[in-house]
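Reader: I have a structure to read and would like to go through it feature by feature. Please give the general idea each time, then the case at hand.

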Amino acid sequence: MKHMNVALGRAGEEYASMLLTNAGYEILTRNWYCGRTGEIDIIARDKSLVVIVEVRTRIGNSYGSPLESIDRRKLHRLRVLSTQWLQKTHTYTPARIDVIALTIPREYRSALMAHTCEKNIDLSLFHPHVRWVKGVS
């Protein structure tokens, strides 16, 4: 199950990067780690604005929507990570935190599991429902 979650998360980040690029954003970096503080999934630029993107991908809504998994603690961590990235890269432009939540319809669970051994899963084959919330924090 853990392998599937990792593969699903990676596929979600790939799909979100495609959405951002198609919307005219420039991807600056992906999976930026800062020690124990955590990781930023995607850092992008939209004109003169830096956009910190948290990507959440789930199959169905049995455990709530992907957006519901973003709690106050996660938002605080994203704010801290954003500040650290801006400081470490000497970036002095405004920043915004977005969430891209992808929900794969439950009926695709079996088919998706069959693809988890593949290096790159194309989520578009599974018709994800996309919610892109701009400026959550």
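Reader: What volume does the largest pocket have?

Author: On a 1 Å grid over the protein atoms alone, a pocket is an open set of points with protein on both sides within 12 Å along at least five of seven lines, whereas a cavity is a set where a 1.4 Å probe fits but cannot get out. Grid points are joined across faces, edges and corners, and the volume is the space filled by probe spheres set on the points. Here the largest pocket has a volume of about 620 Å³. This is a predicted model, in which local features need pLDDT of at least 70 and side-chain atom pairs count only at pLDDT 80 or more, while totals for chains, interfaces and linings use all residues. Residues are numbered from 1 along each chain as its sequence is written, and side-chain values use heavy atoms, with hydrogens and water left out.

Reader: Which residues of the lining lie nearest the centre of the largest pocket?

Author: A lining residue has an atom within 4 Å of a point of the pocket. The largest pocket has 23 of them, and Asn5, Leu8, Gly9, Thr57 and Arg58 lie nearest its centre. The elements that give two or more residues to this lining are α1 (2–22) and β3. Helices (H or I, at least four residues) and strands (E, at least two) are DSSP runs, numbered from the N terminus. The largest share of the lining, seven residues, comes from α1.

Reader: How do the residues of that lining divide into nonpolar, polar and charged?

Author: Ala, Val, Leu, Ile, Met, Phe, Trp, Tyr, Cys and Pro count as nonpolar, Asp, Glu, Lys and Arg as charged, and the others, Gly among them, as polar. The lining of the largest pocket has seven nonpolar, eight polar and eight charged residues.

Reader: Let us turn to single residues. Is Leu20 buried or exposed?

Author: Buried means under 20% relative accessible area, exposed over 50%, and partly exposed in between (1.4 Å probe, protein chains only). Leu20 has a relative accessible area of 0%, so Leu20 is buried. Its place is in helix α1.

Reader: What does Leu20 touch?

Author: Contact means heavy atoms within 4.5 Å. Not counting residues up to four places away in sequence, Leu20 touches Tyr25, Ile27, Ile42, Val53, Ile100 and Trp132. Sequence separation is another matter: Leu20 and Thr37 are 17 residues apart in sequence, and their C-alpha atoms are 25 Å apart in space.

Reader: How many aromatic pairs does a search of the whole structure find?

Author: A pair of aromatic rings is described by the distance of the centres and the angle of the planes. Rings of Phe, Tyr and Trp (its six-membered ring) pair if their centres lie within 6.5 Å; planes under 30 degrees apart count as stacked, over 60 as edge-to-face and the rest as tilted. The search of the whole structure finds one pair. The ring centres of Tyr25 and Trp132 are 5.4 Å apart and their planes stand at 50°, so this pair is tilted. The pair links distant parts of the chain, 107 residues apart: Tyr25 is in the loop between α1 and β1 (26–34), and Trp132 is in strand β5. Tyr25 is buried at 7% relative accessibility, whereas Trp132, at 25%, is partly exposed.

Reader: What lies over the face of Trp132?

Author: A charge sits over a ring if NZ of Lys or CZ of Arg is within 6 Å of the ring centre and within 35 degrees of the ring normal. Lys134 lies over the face of Trp132, at 4.7 Å from the ring centre.

Reader: Where is Arg45 found, and what is it in contact with?

Author: Arg45 is found in strand β2 and is partly exposed, at 24% relative accessibility. Leaving aside neighbours within four places in sequence, its contacts are Tyr25, Glu26, Leu28, Val50 and Thr93.

Reader: Which value of phi does Lys47 have?

Author: Lys47 has a positive phi of about 60° although it is not a glycine. Lys47 is in the loop between β2 (38–46) and β3 (49–59), and at 73% relative accessibility Lys47 counts as exposed. His127, in the loop between α3 (109–115) and β5 (129–133), also has a positive phi, near 50°.
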